[in-house]
Amino acid sequence: MIPVYYLTNDPGRREMLWSGKIDETLKRYNFRLTDDIEETQALITTWGAPLLTEEWLSKMPHLQIVGHAAGSVRPIATPELFQRNITLFSANPLLAETVSEWAVLATLMLQRRVLDYSKFRAGEHANWGGFQSFRDIHDTVIGIWGFGDIAKAYIKRIRAFEPAKILVYSGHASNEELASYGAVKANSFEELLENCDQLHCLTGQTPQNLGMLNAEKLRLLRDGAEIVNCGRPGLIDYDALFNECKSGRLTAMLDVLPGDPAKEPVPLENLPNVIITPHCAGASGRKRYIPWILEQFNRFFSGEKDLPGLVTAERTLTMTIETPNLKKG
């Protein structure tokens with residue numbers, strides 16, 4: 001039986017990710033969980049796992065593959081990991097499915113201007129005339145900043161609604177690859193902003209992207225444009241976004257806020273044209289992560305090398321760094 005070790009410094013994550021299906025999957029593929037880190041050949045990490053430095057890797061001389069039960073691998077990946085030719089992949093494809101569902105929800109709520117006329121709670125009343133004012137989805141240009149797993153999953157879903165155009169700004173995606181998804185490449189960030197009706201911030205939070213959507217860039221968006229952020233808060237100057245939304249020129253739906261979870265109310269929460277959810281876009285489906293990782297381990301030890309969610313050293317550089325460790329590049 002192939003020994004598998006589960007590494008995290010956050011005991012609460014085990015309960016969040018664990019399910020009875022894990023035991024079934026371990027048995028099916030002839031794996032066993034081990035408490036002896038030295039004998040492990042396959043490693044499962046998740047939120048709260050340590051950076052896999054040489055100190056950690058030296059404890060696992062037989063390690064061949066790491067499956068990260070989360071999205072970005074930046075919190076664990078090191079040059080030493082790749083120098084040892086250890087295969088690394090993440091559950092980002094699964095996370096992307098659920099986050100992209102939230103992004104579709106945001107697209108339709110903002111495009112249909114649901115806040116303008118809907119009744120949500122007791123004591124409220126629907127505005128029976130307000131529903132006539134929203135823009136048709138077929139006349140809407142969807143702008144996407146980034147082209148990772150979430151953006152790709154979102155494009156696949158939103159294409160069913162036949163928006164006018166899907167415009168993408170990405171530093172690595174080619175015209176041909178974007179065309180295969182039914183999208184068009186924006187040649188600059190400014191071109192993306194100037195030509196979209198709804199902007200989705202789905203790029204990695206890197207030193208180069210930190211605060212990139214600032215007051216100057218926000219002014220490039222069309223009057224009445226909508227901003228969706230289910231990526232990372234560091235991409236946007238939230239003070240500048242507050243000013244634009246307070247003026248009524250822009251509207252927004254946000255799943256992430258600076259310093260979340262927010263311990264105190266933030267100014268954006270007081271605006272009637274801003275929808276905020278508590279960083280829950282990817283909250284469903286997490287108990288699928290580890291069984292899925294075990295399935296990929298089985299494929300790897302059966303000789304397959306082209307695994308979904310595979311992460312190279314080069315791709316790691318484009319993935320999100322958590323805000324406390326991030327400085328503007």
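Here is a quick tour of this structure, from its sheets and helices to a few single residues and a pocket.

What you're looking at is a predicted model, where local features need pLDDT of at least 70, side-chain atom pairs count only at pLDDT 80 or more, and totals for chains, interfaces and linings use all residues. Residues are numbered from 1 along each chain as its sequence is written, and side-chain values use heavy atoms, with hydrogens and water left out. Helices (H or I, at least four residues) and strands (E, at least two) are DSSP runs, numbered from the N terminus.

**The seven-stranded sheet**

- An open sheet of seven strands runs in the order β8-β7-β6-β9-β10-β11-β12, with parallel pairing; two strands count as paired if DSSP finds at least two bridges between them.
- β8 (184-185) and β12 sit at the edges with a single partner strand each, so one side of each has no neighbour in the sheet.
- Inside this sheet, β6 (residues 141-145) and β7 (residues 165-169) are parallel and share five bridges.
- One of the pairs to look for is I144 with its bridge partner V168 in β7.
- As background, strands of a sheet pair through backbone hydrogen bonds, either parallel or antiparallel.

- Strand β1 (residues 2-7) is mostly covered, with five of its six residues buried; "buried" means under 20% relative accessible area, "exposed" over 50% and "partly exposed" in between, using a 1.4 Å probe and protein chains only.
- β1 runs parallel to strand β2 (residues 31-33), and three bridges join them; I2 stands opposite F31 in β2.
- β1 also runs parallel to β3, this time with four bridges.
- On that side, V4 has A42 in β3 as its bridge partner, while Y5 has L43.
- β3 (residues 42-45) is covered on both faces: A42 and I44 are buried on one side, L43 and T45 on the other.
- Four bridges also link β3 to strand β4 (residues 65-68), again parallel, and T45 has H68 in β4 as its bridge partner.

**Helix α10**

- Helix α10 covers residues 238-246, and its buried residues are Y238, A240, L241, F242, E244 and C245.
- Those buried residues pack against α9 (215-218), β10 (226-229), β11 (251-254) and β12 (274-276); a contact here means heavy atoms within 4.5 Å.
- D237 caps the N-terminal end of α10, with a side-chain oxygen 3.1 Å from the backbone nitrogen of D239.
- After α10 comes G248, whose phi is positive, near 90°.

- F147 lies in the loop between β6 and α6 (149-158), and it counts as buried because its relative accessibility is 2%.
- Leaving out residues up to four places away in sequence, F147 touches K152, I155, V168, S170, H172, A173, E177, L178 and Y181.
- F147 and G129 are 18 residues apart along the chain, and their C-alpha atoms are separated by 38 Å.
- L193 is in helix α8 (residues 189-195), and its 0% relative accessibility is why it counts as buried.
- Beyond its neighbours within four places in sequence, L193 is in contact with L199, L213, K217, L220, L221 and R222.
- From L193 to K165 is 28 residues in sequence and 14 Å in space, C-alpha to C-alpha.
- T25 lies in helix α2 (residues 20-28) and counts as buried because its relative accessibility is 0%.
- Not counting residues up to four places away in sequence, T25 touches P291 and L294.

**The second largest pocket**

- The second largest pocket holds about 370 Å³ of space.
- Sixteen residues line this pocket, and L257, I276, T277, P278 and H279 are the closest to its centre.
- The lining divides into 10 nonpolar, two polar and four charged residues; Ala, Val, Leu, Ile, Met, Phe, Trp, Tyr, Cys and Pro count as nonpolar, Asp, Glu, Lys and Arg as charged, and the others, Gly among them, as polar.
- On a 1 Å grid over the protein atoms alone, a pocket is an open set of points where a 1.4 Å probe fits, with protein on both sides within 12 Å along at least five of seven lines, and lining residues have an atom within 4 Å of a point.
- Grid points are joined across faces, edges and corners, and a volume is the space filled by probe spheres set on the points.

How values were computed:
Polar contact = N/O pair within 3.5 Å; in protein donor to acceptor, adjacent residues only side chain to side chain.
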